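Open your viewer and keep the sequence panel in view. Each stop tells you what to select and what to look for there.

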Amino acid sequence: MRSALLATLMVAAATPALAQTASPTENLAAPVKTFGRVSYDARSLMIDGKRQVIWSSEFHPFRLPSPDLWRDILQKMKASGFNTVAIYFDWGYHSPKQGVYDFTGIRDVERVLTMAKEEGLYVITRAGPYVNAELSRGGFPGWLVNQRGKARTDDPAYMAAADEWLTRIDAIIARHQINSGGSVILHQIENELALTTPAQRRYMDHLYAKARADGITVPIFHNDQGRNGDWVPESSTVAQVVKGPNDLYAFDGYPGGTCTVAGKPTRGSAAPDWGFYGPGGAKGGASASPDTPAFLAEFGGGWFDYWGSNGGYACNAIQRGKRFQRVFYGTNLANGIDIHSVYMGYGGTSWGWLPAPVVFTSYDYGSAISEGRGLRDKALEMKQLGGLIASVPDLAGMIAAAPATVSSANVQAYHNRSLETDARFLMVTHKPSNGATDDAFTITADLPDGRYTFPQAQPMRLTGFDAKWLVAGVTLLGQRLVYSTSELQATLPLAGSSLMLLYGRAGEPGETALRYASAPSVHILEGQATSRFDAARGDLILDYTHQGRTVVRIEGGGRPPLTLILADEAEAVRYWRQGPALVRGPALVRHAALTRGTLALTGDTSDQTPIEIWAPAGKASWNGKPLATSPTAIGSRTATLPGPAPITLPALTVWRTADGTPEADPRFDDSRWQVAAGAPYASITARPDGQPNLLADAYGFHDGDILYRGRFSGSPDAKQIALYYGAGGSGMLQVWVDGAFVGQHELPSGLPRPITTGLARFDLPAAAQAPGEHVVTVMLRNNGHNWDLDVDDFHKEARGLISASIEAPGGRSFAVPIAWKIQGRTGGEALADPARGPANSGGQYGERMGWHLPGFDDRRWATTTLPATSAKPGTSWYRTSFTLAVPKGQDATIAVAFGDTTTPRSVAKYRALLFVNGWNMGQFIAHIGPQRVFPIPEGILNHRGPNSIALAVTSDGAPGDALEAVKLVTLRNMRGGIPVSPVAAPTRPDQLIQEK
Ligand code: GAL
């Protein structure tokens, strides 16, 4: 039966899986370049001379404004199999004003670098000056938009500004390099500099020289926007590419399909061959830099989502989720891309005014670690993939081996080998890799231990969109793995013996061949497996089905004893390989360390959980408490861990409310506001002749809401007012004349590349035609500055009013001068609240008065309940306070949710700025969506004590456009976590630095 099936399979298609590349893209003769402890040749990076796959994912500390939790993310990344974290630094986050820089509190990036080292992660630093990253201005500081010189060029004023930042951030990074006792191994200059003129080359030369002058000693790279061959190192012998000063060439890519507008995943394209199995040629990306290792500085591990979408994050987490990771990251690794960073590992929150107009508050990204800090299924799959990389160092620096033959035309097997050990990596996937058929097949290959057609018993399977990362001919802990159709997740050395964890899809057959000098004895300790010894070759062949787990103990045969755990996928993801231990059971194992004969484990449980431990020590503790373990028959020890207690959240029943747009009143005192007229104009947006400069940035207001008050003389012809303005994606303005609400205008949403400027025209009330002075009030919501992706100074697009004209009937132009005054956030560039920083506050009246702060005394405000039954035009504030009592030793993510969370949009039209304990944790736009649930990190939220929420709700006042119900929800509740201190910041209005 078996041989009949095999015969059929063999006849089916004995085509070579992949044509071997005639010339590998690496230059195997390339010399080793050394930068202290870091070096590289064409094949891989080396640390202390040891080849290493750099398996990284991205984290933005500025998207998690609770520094203690940075460690939580880093531990989760490490536990998910990454050995490196890539970090962008946001210049604007640290600099509210030219010459002013802050690296304290939530901006203490030194801490994250220290933590990364402590958690055993290498770091790739990406310090800009430009980073993109869906940040307002792509990370440029607000004040830079007032600079006339073109950004990202060799303009002297721009470079001087950039140097201010670089001097400071480079000094911090320099201290944390691996060459100075830290763990930074690679450093990026610029990001996706797609314009490659001589001015850009001079700029790149400057950035490189600046980094070196500032003490950066590790290799420097740039991240090319796609595999274009832009800024390949000078040493490249390939013609027609753009060369740069950098040491390494790196690029990024986001292949694999997108979520549809309906929020559904689509089956994307096949995984591209972006390394040595791909097309070479002058513009062949990695191949254009044959002397340096292939390097993906960003590979899409999700995607960002935009105002008015249908909620793409859940979709993105699937689109670029489980299976995608195996197929796409596997194809990258198989292509020799040994420096590989997933963007994002943890997306986090674009809180306050961090987001660029292309995104809303949540930057969840569909990444492996969710915005609420939960491990998605895809993180558990990453743990398996990273586990293989950690277990088999031979994977670093492999080259293409002789093609393997696959017996099914639907399946291909990339076949690579180590030049050092001849170990093999077989990446098995469909052909093309986005195929989703169910196939049974065998692989024939010349392996280090001989020519094999395997599996020899039942054929292996590839079912649906999937890939298998197999190794063969590899020596691990004194054992020789000839081949296995199961994937290796972990190895563990134990006293005089060792352990291997292998897994496969539930119900699929698996076969593992191990080499021995003579027949060993095989004991099936758990589950079922058959074995036979092929004496001619010295192979012990084990056959089994991946179902639950099978445990096999092999002794004798000339090798130390070996325990094999053969698991199905659901079983295998429950194992964590940390320190000297392999641990099964908990939702997360953060750490394992042996101290004085006790294995100290830390981690999280989501329920009462059995724990099973393989470790050199007999004693163990869990989160500091001794564990009463009992030995098992298979050499492990077991115990039971408690789960978390449920969390009870208070209902937000009592609110206080006050009107927040007193500026609309003609009698409002604006004597201390700036006159908006003569400031220099640096915007790329053309301004009609004769108009004063009304742009908010020119007056130091770079983020958040802007208030304008204009005075004009009434006239019988004054029929309309036309306001041309810039406000970012889904930005808006509201207009009053003489205290009467005239209307509001919103920029359109629903586009991944939003429209960011618009023209609003309103009929003026009849009163404006009466003689005498009239006051027009404009509240403008600036939803961020554009990025500068295309090096066209797009970040300098106008924000605020561009022009304002009173018009006669029929839009006839009509010269009525308006004398304007402007007010944004208190102090403008001189922050009133430096602890929360430039992204936290805008110019709403309530923000200027400190109404968002927890200690504001609102006792004189009217009490009310939600949902609100009516709305007023303009901004109304709502405040409430509550106490949380999350049990000690529990880590939860609590969120604020608006209205009906089962739908992305409300019928009610309004928007709300959400302040939690004074922190601007985002913007909810009811009728645009899609985000309704706003996770608040602990540290911002006090999990054990009092809290306050303040909402600045902006409505057109139409019936029904009123604030819906607001409630607290628990997104995640675990026992475990790490200690989190509250983030220090002013709590009362009198603690703000007042305007001079
Ligand atoms: C990349 C860019 C990142 C980010 C990403 C999309 O091209 O380098 O900064 O914008 O796209 O999330």
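The tour starts at the ligand and then moves through helices, strands and loops.

**Before you start**

This is a predicted model, in which local features need pLDDT of at least 70, side-chain atom pairs count only at pLDDT 80 or more, and totals for chains, interfaces and linings use all residues. Residues are numbered from 1 along each chain as its sequence is written, and side-chain values use heavy atoms, with hydrogens and water left out.

**Stop 1: the ligand**

Which residues come nearest? They are N132, A133, E134, E192 and Y365, out of 16 residues around the ligand. By class, that shell has 9 nonpolar, 3 polar and 4 charged residues. Here Ala, Val, Leu, Ile, Met, Phe, Trp, Tyr, Cys and Pro count as nonpolar; Asp, Glu, Lys and Arg count as charged; the others, Gly among them, count as polar.

Now look at the oxygen atoms of the ligand. One is 2.8 Å from a polar backbone atom of A133. For V131, the distance from a polar backbone atom to a ligand oxygen is 3.0 Å. D252 uses a polar side-chain atom, 3.3 Å from an oxygen of the ligand. The protein covers 94% of the 310 Å² of accessible area that the ligand has on its own. Accessible areas come from the Shrake-Rupley method with a 1.4 Å probe; for residues, only the protein chains shown count as cover.

**Stop 2**

Select residues 156-175, which form helix 5. Helices (H or I, at least four residues) and strands (E, at least two) are DSSP runs, numbered from the N terminus. Helix 5 has 20 residues and reaches 28 Å from its first C-alpha to its last, close to the 28 Å expected. The expected span is 1.5 Å times one less than the number of residues.

Where does helix 5 bend? It bends at L166, by about 25°. That bend is the angle between axes fitted to the seven residues ending there and the seven starting there.

Next, select D155. D155 caps the N-terminal end of helix 5, with a side-chain oxygen 3.0 Å from the backbone nitrogen of A157.

Step back into the loop between strand 7 (122-126) and helix 5, where P129 sits. The peptide bond from G128 to P129 is cis, with omega near 15°. R152 is found in the loop between strand 7 and helix 5 too. Its phi is near 65°, a positive value in a residue other than glycine. Most residues other than glycine have a negative phi, and most peptide bonds are trans. Is R152 buried or exposed? R152 is buried, with a relative accessible area of 0%. Buried means under 20% relative accessible area, exposed over 50%, and partly exposed in between (1.4 Å probe, protein chains only).

**Stop 3: helix 2**

Select residues 68-79 for helix 2. Its 12 residues reach 18 Å from first C-alpha to last, close to the 16 Å expected. Of these, 10 are buried, so helix 2 is largely enclosed by the rest of the structure. Among the buried ones are W70, I73, L74 and M77. Just after helix 2, find G81, which takes a positive phi of about 95°.

**Stop 4: two side-chain pairs**

Select S56 in strand 5 (residues 54-59). S56 is buried, at a relative accessible area of 1%. A polar contact of 2.8 Å joins its side chain to that of S341. A polar contact is a pair of N or O atoms within 3.5 Å; within protein, one must be able to donate a hydrogen and the other to accept it, and residues adjacent in sequence count only if both atoms are side-chain atoms.

Move on to T512 in strand 27 (residues 509-515). T512 is buried, with a relative accessible area of 0%. Its side chain makes a polar contact of 2.8 Å with the side chain of S484.

**Stop 5**

Select D422, in the loop between strand 17 (411-417) and strand 18 (424-430). D422 has a positive phi of about 70° although it is not a glycine. At 26% relative accessibility, D422 counts as partly exposed.

Finish at P455, in the loop between strand 21 (450-454) and strand 22 (460-463). A cis peptide bond joins F454 and P455, with omega about -5°.

Methods: A residue is near a molecule or strand if one of its heavy atoms lies within 4 Å of it.
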